[in-house]
Amino acid sequence: MALKQISSNKCFGGFQKVFEHDSVELKCKMKFAIYLPPKAETEKCPALYWLSGLTCTEQNFITKSGFHRAASEHGLVVIAPDTSPRGCNIKGEDESWDFGTGAGFYVNATEDPWKTNYRMYSYVTEESVSAFAPICNPVLSSWGKKAFSGYLGTDESKWKAYDATHLVKSYSGSHLDILIDQGKDDEFLLDGQLLPDNFIAACTEKKIPVVFRLQEGYDHNYYFIATFITDHIRHHAKYLNA
């Protein structure tokens with residue numbers, strides 16, 4: 001895979017870079033951001049993937065979250081891919097903010113006309129074990145229903161493979177230590193889109209440890225993320241650097 005460097009900026013002793021490449025999975029040009037801490041100049045460093053939400057590109061997290069200081073201190077490479085294919089000339093891809101461009105939902109689409117390009121699950125190979133205001137049970141949220149029916153079809157049993165609450169119910173892998181921060185004043189929490197209680201209940205039933213922090217006064221934006229991002233970097237670093 002040939003990489004074309006789009007930008008490189010020194011930050012906390014390391015470098016914040018953006019690259020463009022031709023994606024085999026998505027059959028289009030894609031950009032991703034990568035932060036290389038100072039430690040990466042002399043040795044291998046563990047990598048942490050940040051998966052942004054609806055409407056975002058690779059730019060939102062790297063310009064708004066303030067993660068660089070903690071990543072530099074803990075010696076973590078941080079990779080932020082885009083959230084969907086772009087410029088695929090699919091009818092309807094730019095008609096709504098919560099489906100199509102900027103809203104790939106990290107699934108491998110099985111329905112026409114999306115299945116050729118919208119293969120974000122295969123494109124992104126790492127899974128996070130911390131989250132900010134995640135859509136915890138998308139098969140029951142209107143966002144999830146819209147996206148999954150469009151990308152995966154009407155068979156709801158296929159949707160569960162991309163639903164964290166259902167995945168946790170059948171999880172039998174290695175130890176998980178999950179951290180979730182959620183703004184108490186998040187409009188999408190109040191609107192029933194995120195459904196964290198369902199995920200917490202599933203984790204409790206499976207005896208999977210989850211720390212859920214409901215943060216008073218915070219809503220659904222990068223000011224909220226910037227406030228608590230250092231805690232999440234530390235959370236991952238204690239395992240990645242073990």
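The bridge partner of L179 in strand β8 is V211. Residue numbers start from 1 along each chain as the sequence is written. This is a predicted model, where local features need pLDDT of at least 70, side-chain atom pairs count only at pLDDT 80 or more, and totals for chains, interfaces and linings use all residues; side-chain values use heavy atoms, with hydrogens and water left out.

Two strands count as paired if DSSP finds at least two bridges between them. The sheet around them is open, with 3 strands in the order β6-β7-β8 and parallel pairing. β6 (130–132) and β8 (210–215) are at the edges with a single partner strand each, so one side of each has no neighbour in the sheet. From one strand to the next, the twist averages 10°. Axes are lines fitted to C-alpha atoms, for helices over the stretch in contact, and angles run from 0 to 180 degrees between N-to-C directions. On that basis, helix α7, residues 196–205, lies across β7 and β8 and runs at about 155° to β8. Contact means heavy atoms within 4.5 Å.

Next, the other sheet. It is open as well, with 5 strands in the order β1-β2-β3-β5-β4 and mixed pairing. β1 (4–11) and β4 (47–49) are its edge strands, each pairing on one side only. Its neighbouring strands are turned by 20° against each other on average, with direction ignored. β4 and β5 (residues 77–81) run parallel and are joined by 3 bridges. Within β5, V77 is the bridge partner of A47.

Now helix α4. Which residues of α4 are buried? Over residues 142–152 they are W143, G144, A147, F148, G150, Y151 and L152. They share one side of α4, because they cover an arc of only 170° around the axis. The arc is taken from the directions from the helix axis to the C-beta atoms. Buried means under 20% relative accessible area, exposed means over 50%, and partly exposed is in between, with a 1.4 Å probe and protein chains only. The buried residues of α4 pack against α6, residues 187–190. Just after α4, G153 has a positive phi of about 95°.

On to the loop between β5 and α3 (120–123), where N108 lies. N108 is buried, at 12% relative accessible area. Its side chain makes a polar contact with the side chain of S122, at 2.8 Å. A polar contact is a pair of N or O atoms within 3.5 Å; within protein, one must be able to donate a hydrogen and the other to accept it, and residues adjacent in sequence count only if both atoms are side-chain atoms. Neighbours within four places in sequence aside, the residues in contact with N108 include L152 and Y162.

Last, some backbone geometry. Most residues other than glycine have a negative phi, and most peptide bonds are trans. Y106, in the loop between β5 and α3, is not a glycine but has a positive phi of about 55°. Y106 is buried, at 18% relative accessible area. P113 lies in the loop between β5 and α3, and a cis peptide bond joins D112 and P113, with omega about 0°. L195 is in the loop between α6 and α7, and has a positive phi near 55°. L195 counts as partly exposed, at 22% relative accessibility.

Terms used:
Helix = DSSP H or I, 4+ residues; strand = E, 2+ residues; numbered from the N terminus.
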